[in-house]
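Please look at the sequence and the three-dimensional structure together before reading further. The paragraphs that follow lead from the overall division of the chain to individual residues.

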Amino acid sequence: IKDEITAHKTGAEFLARTMLNTEPDTIFEIGGQDSKFISLQNGVVVDFAMNEACAAGTGSFLEERAEELGISIKEEFANLALSSRSPVKLGERCTVFMQQDVATFQQRGASREDLTAGLAYSIVYNYLNRVVRGRKIGEVIFFQGGTAYNNAIASAFARVLDKEIIVPPYNGVVGAVGAALLAKEKMLATRNVTKFRGFSLEKVNYHLREFTCKACSNFCHMQEFTVDGEKTYWGDQCSDKFRRKQQSEQKPVIPDLLKLRRELLFAEYEPDVQGKATIGLPRALYVYEQFPFWNTFFRHLGYRVVLSEETNHRLIRSGTEISVAEPCLPIQAYHGHVKELVDKQVNWIFIPNTINAETPFKEVNSYYCPWGQTIPFVIKNSEVFASISEKILSPSLRFRDGKNAIAHVLMKTFRSLGENKKNILRAVDAAYLAQNAFQHTLQKAGERALRMLRESGKIGIVLVGRPYNIYDRGMTLDIGNKLRDYYGINVIPMDFLPLDSVDISDVNMNMYWNYGRKIIAAAKIVSQFERLHIIYLTNFKCGPDSYIKHYITRASGKPFLTLQFDGHGNDAGYITRCEAYLDSKGALRVWTSGSDEAIRPKKIKSVVTV
Ligand code: SF4
Ligand code: SF4
């Protein structure tokens, strides 16, 4: 199975090289029903977006408006629009409003020229504001899809962006050209017999069934095609329900490091053990890194540790409703985790004010983000938690100041609960030992995985980001596991890498964010392995990540894929992005030597531009 993004990119690159003597870094694709945006770096898909449900801004929308005006969409529309002197301003509203606006301008006597030109601009603004949405637009822009036959739209793009827009030849079938090239490549390499059923659809025995999937609140309108007994499905917004699980013939050569880490992190968690009181830990933020530390500390003091459940939709929704000021998703979800612990009626809830992290690079700060630092105060001041604020334990922790400083602070907090000094010191010692042992095991497993990858010559994907994104399956839709399970990808989460041995001062002299330094260190390690690549897992509204991201290509020397999560439960868009990225890295075409070069043509002809 090939995704549309890879097909469009492959077709565009083929036409660019064989006919236009160029190489696109940006693809605008507007078809009859949907539209896509693809950003490329050295032939690798590094970002991608599709329009959402609304049809405004697509070819069918334009065709309907042209019909209402009695204008042929073929050439007449563009000829009229291009001779307009004062295009009407239709903005970029949804289809129904746009229809009314066109009618209003028409009644006021707007000319057909100005109406058509206004519609052309509205397509462009709609696309830029609802599909591209601030993503980087490059310098070699291909405009393809059926709508690109309309010169007025291409011209409106060129004017709005003040950039050259290239409409490649065969613009209406570029995706099909790409799909054909990919199929040809596989056929030649595998010497398989074609399964193509021919062009005569009437001779194909197929059955179509339409239904609504009710497995979640999306209620997707599904189409089930049965062709010679084989079923395929269209219309789903997730990858879990109807897609085949194993989509690639290849198997990973390294162990499942995400699973290993999950098992190690929670290995000592025993929620049913007896204790003198219960301490609740929200299963969020730094608990995804420090659970061995806190679990050991509290257990040594005789408490029963209780975690909130894994992040899920219900919990995110509850957190979103409670939180004020619309913070990032992890902070919203955090509120839901605290609420769950309150409902579980634990005696105490541990929400530390974690200010900074331990680091071997003492000359630079190692802060946690302000949201992470201030979370206990945010929670205590929330109306919903006002009645339990006395139950919240929130010592201020500066891990970079070392064990004695941490012991001192914990002493203050827990002596007030009646703990004696000796026990607290012993618990701190044990906590440090447990945390170090956890990290040591990760490092050893990472070393082995890198060795196996090097020996096998296989591609590996390093997941970079914050632990509460990479390892919280509910937060990032379990994408890491899906890469491994669906595509046989060798996945290495970044804290399996020797991050503390990498100096990043040549990339950023003053990276004062703890995770920022680690993320850049991971990118520098990737630069040393030709076949390692990066997927960056992050959230909308994450200020530090939007800054840190800029250093990744410089540190790794490679384009990378960013997946930004927003708490919506459908992974189909993320999966498509991953497929396109993995494919352009050669990670999915196991029958090739592993790169796009295998199907890149060499011939070059002339350039067509608008
Ligand atoms: S998102 Fe998936 S599970 Fe939900 S309704 Fe659509 S196909 Fe069904
Ligand atoms: S670093 Fe980003 S994701 Fe994490 S708490 Fe801060 S803003 Fe939120």
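The account below begins with how the model is to be read and then turns to its parts.

This is a predicted model, in which local features need pLDDT of at least 70, side-chain atom pairs count only at pLDDT 80 or more, and totals for chains, interfaces and linings use all residues. Residues are numbered from 1 along each chain as its sequence is written, chains are lettered from A and ligands numbered from 1 in the order in which they are written, and side-chain values use heavy atoms, with hydrogens and water left out.

The protein chain is assigned domain 1 (4-178), domain 2 (200-238), domain 3 (260-438) and domain 4 (442-597). Such bounds come from an automatic or database domain assignment. Taken over C-alpha atoms, the centres of domain 1 and domain 2 are 29 Å apart.

The interior comes next. In soluble globular proteins, nonpolar side chains tend to be buried together. A nonpolar core is a set of buried Ala, Val, Leu, Ile, Met, Phe, Trp, Tyr and Cys residues joined through side-chain atoms within 4.5 Å. Here buried means under 20% relative accessible area, exposed means over 50%, and partly exposed lies in between (1.4 Å probe, protein chains only). The largest nonpolar core in this model has 117 residues, and those with the most contacts inside it are Leu-281, Trp-294, Phe-297, Phe-298, Leu-483, Ile-492 and Ile-535. Helix 14 (residues 421-456) gives the most to this core, with 11 residues. Helices (H or I, at least four residues) and strands (E, at least two) are DSSP runs, numbered from the N terminus. At least three residues of this core come from each of domain 3 (260-438) and domain 4 (442-597). Apart from this core lies another, of 40 residues, among them Phe-77, Val-88, Val-102 and Phe-157.

Which residues does Leu-281 contact, leaving aside its neighbours within four places in sequence? Contact means heavy atoms within 4.5 Å. The partners of Leu-281 include Val-287, Phe-291, Trp-294, Phe-298 and Leu-341.

Helix 8 (residues 257-265) contains Leu-258, and Leu-257 also has its place in helix 8. Leu-257 counts as buried because its relative accessibility is 2%, and Leu-258 counts as buried because its relative accessibility is 7%. Leaving aside neighbours within four places in sequence, Leu-257 is in contact with Ala-445, Ala-449, Val-491, Ile-492, Pro-493 and Phe-496. Leu-258 and Val-491 are 233 residues apart in sequence, with 7.9 Å between their C-alpha atoms. By contrast, Lys-184 and Ala-152 are 32 residues apart along the chain, and their C-alpha atoms are separated by 35 Å. Lys-184 belongs to helix 7 (residues 174-190) and is exposed, with a relative accessible area of 51%.

Is His-335 buried or exposed? His-335 is found in helix 11 (residues 329-343) and counts as buried because its relative accessible area is 2%. Not counting residues up to four places away in sequence, His-335 touches Gly-319, Ile-322, Ser-323, Ile-375, Val-378, Ile-379 and Phe-385.

Two ligands can now be considered. A residue is near a ligand if one of its heavy atoms lies within 4 Å of it. Ligand 1 is surrounded by Cys-213, Ala-215, Cys-216, Asn-218, Phe-219, Cys-220, Asp-236, Cys-238, Phe-242 and Asn-570. This shell has seven nonpolar, two polar and one charged residues. In this classification, Ala, Val, Leu, Ile, Met, Phe, Trp, Tyr, Cys and Pro count as nonpolar, Asp, Glu, Lys and Arg as charged, and the others, Gly among them, as polar. Around ligand 2 the residues include Cys-328, Cys-369, Trp-371, Arg-466 and Cys-542, and the shell has eight nonpolar, one polar and one charged residues. The ligand 2 shell draws at least three residues from each of domain 3 (260-438) and domain 4 (442-597). Cys-542 is buried, with a relative accessible area of 14%.

Backbone angles close the account. Most residues other than glycine have a negative phi, and most peptide bonds are trans. Asp-162, although not a glycine, has a positive phi of about 55°. Asp-162 lies in the loop between helix 6 (151-161) and strand 5 (165-166) and is exposed, with a relative accessible area of 68%. Lys-541 has a positive phi near 70°.
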